[in-house]
Amino acid sequence: MRGETLEDEKRIVASARIGGRAAFDQLARHYAPGLLVLAERMMGNSADGEDAVQDALAAAWLALRQFDQKRPLGPWLATITMNKCRDGLRRRRLALFFHIDGSEQDYVIPDDRPDQERELVSRQELARVKREISFLPQKLREPFVLVALESYSQAEAAQILGISEKAVETRIYRARNSLKEKFEKF
């Protein structure tokens with residue numbers, strides 16, 4: 001869909017709505033990379049993020065006939081992806097609750113190259129930031145990821161999450177303060 005206009009996208013969506021698998025595949029190829037980044041940030045790892053995006057695209061395919069073509073497709077797909085991430089996080093919490101083994105997953109990213117201590121420290125710091133973001137309460141994490149990391153506007157995030165722009169602004173502020181407090185302790 002590179003270089004295609006909004007009218008071209010509407011034509012492709014219309015074709016997909018009537019069962020055009022190739023048209024939907026074209027939409028999925030266009031939007032999947034951005035949705036994957038969003039899901040990975042929400043889920044805290046790429047495997048769960050990929051699962052969430054696959055589930056989201058499958059759900060979008062099934063619900064495409066109900067999609068209001070007057071609205072933009074990207075935020076609609078992002079909303080579905082966020083919902084699939086929420087479902088995945090709920091399942092993860094339930095699994096942790098019922099399988100209490102005292103071990104928590106550590107997201108340290110290994111450095112394969114020897115004598116690269118500085119890069120290793122940077123990767124560990126990045127992993128710690130990702131981990132701390134994943135520990136934020138869901139109500140704070142969602143708008144923070146959408147606006148601060150995914151570059152959605154506050155209005156778009158409000159639309160995706162179904163809350164007011166002021167609520168988005170407040171939650172981002174609280175998320176940043178929470179992260180700031182965690183990093184000041186160390």
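User: In which hand, left-handed or right-handed, does α6 pass α7?

Analyst: A crossing is called left-handed if the near helix is turned anticlockwise from the far one by less than a right angle, and right-handed if clockwise. Here α6 passes α7 in a right-handed crossing. Please keep in mind that this is a predicted model, in which local features need pLDDT of at least 70 and side-chain atom pairs count only at pLDDT 80 or more, while totals for chains, interfaces and linings use all residues. Residues are numbered from 1 along each chain as its sequence is written, and side-chain values use heavy atoms, with hydrogens and water left out.

User: How many helices and strands does the chain have?

Analyst: Helices (H or I, at least four residues) and strands (E, at least two) are DSSP runs, numbered from the N terminus. On that basis the chain has eight helices and zero strands, and the order of its elements from the N terminus on is α-α-α-α-α-α-α-α.

User: What describes the packing of two helices, and at what angle do the axes of α6 and α7 cross?

Analyst: Two packed helices are described by the angle between their axes and the distance between the axes. The axes are lines fitted to C-alpha atoms, for helices over the stretch in contact, and the angles run from 0 to 180 degrees between N-to-C directions. For α6 and α7, the axes come within 9 Å and cross at roughly 140°. Angles under 35 degrees count as roughly parallel, over 145 as roughly antiparallel, 65 to 115 as roughly perpendicular and the rest as oblique, and α6 and α7 are therefore oblique to each other.

User: Which residues of α6 and α7 meet?

Analyst: Contact means heavy atoms within 4.5 Å. E142, P143, L146 and V147 of α6 meet Q154, A157, I160 and L161 of α7. By class, this contact of α6 with α7 has six nonpolar, one polar and one charged residues, where Ala, Val, Leu, Ile, Met, Phe, Trp, Tyr, Cys and Pro count as nonpolar, Asp, Glu, Lys and Arg as charged, and the others, Gly among them, as polar.

User: How do the axes of α2 and α6 cross?

Analyst: The axes of α2, which spans residues 21-43, and α6 come within 10 Å, with a crossing angle of roughly 140°. That makes α2 oblique to α6. The crossing of α2 and α6 is right-handed. On the α2 side the contact is made by L38, R41 and M42, and on the α6 side by R141, E142, V145, L146 and L149. The classes in the contact of α2 with α6 are five nonpolar, no polar and three charged residues.

User: At what angle do the axes of α6 and α8 cross?

Analyst: The axes of α6 and α8 (residues 165-184) come within 8 Å and cross at roughly 100°, which makes α6 roughly perpendicular to α8. K139, L140, P143, F144, V147 and A148 in α6 meet V168, R171, I172, R174, A175, R176 and L179 in α8. By class, the contact of α6 with α8 has nine nonpolar, no polar and four charged residues.

User: Which residues in α6 are buried?

Analyst: Buried means under 20% relative accessible area, exposed over 50%, and partly exposed in between (1.4 Å probe, protein chains only). In α6, residues 138-149, the buried residues are L140, R141, E142, P143, F144, V145, L146 and V147. For the chain of 186 residues, buried residues make up 36%.

User: Are E132 and S134 buried or exposed, and what does E132 touch?

Analyst: E132 lies in α5 and counts as buried because its relative accessibility is 11%. Not counting residues up to four places away in sequence, E132 touches L179, K182 and F183. S134 also lies in α5, and S134 is buried, with a relative accessible area of 15%.

User: How far apart are K130 and R41 in sequence and in space?

Analyst: K130 and R41 are 89 residues apart in sequence, while their C-alpha atoms are 7.3 Å apart in space. K130 lies in α5, residues 117-135, and counts as partly exposed at 44% relative accessibility.
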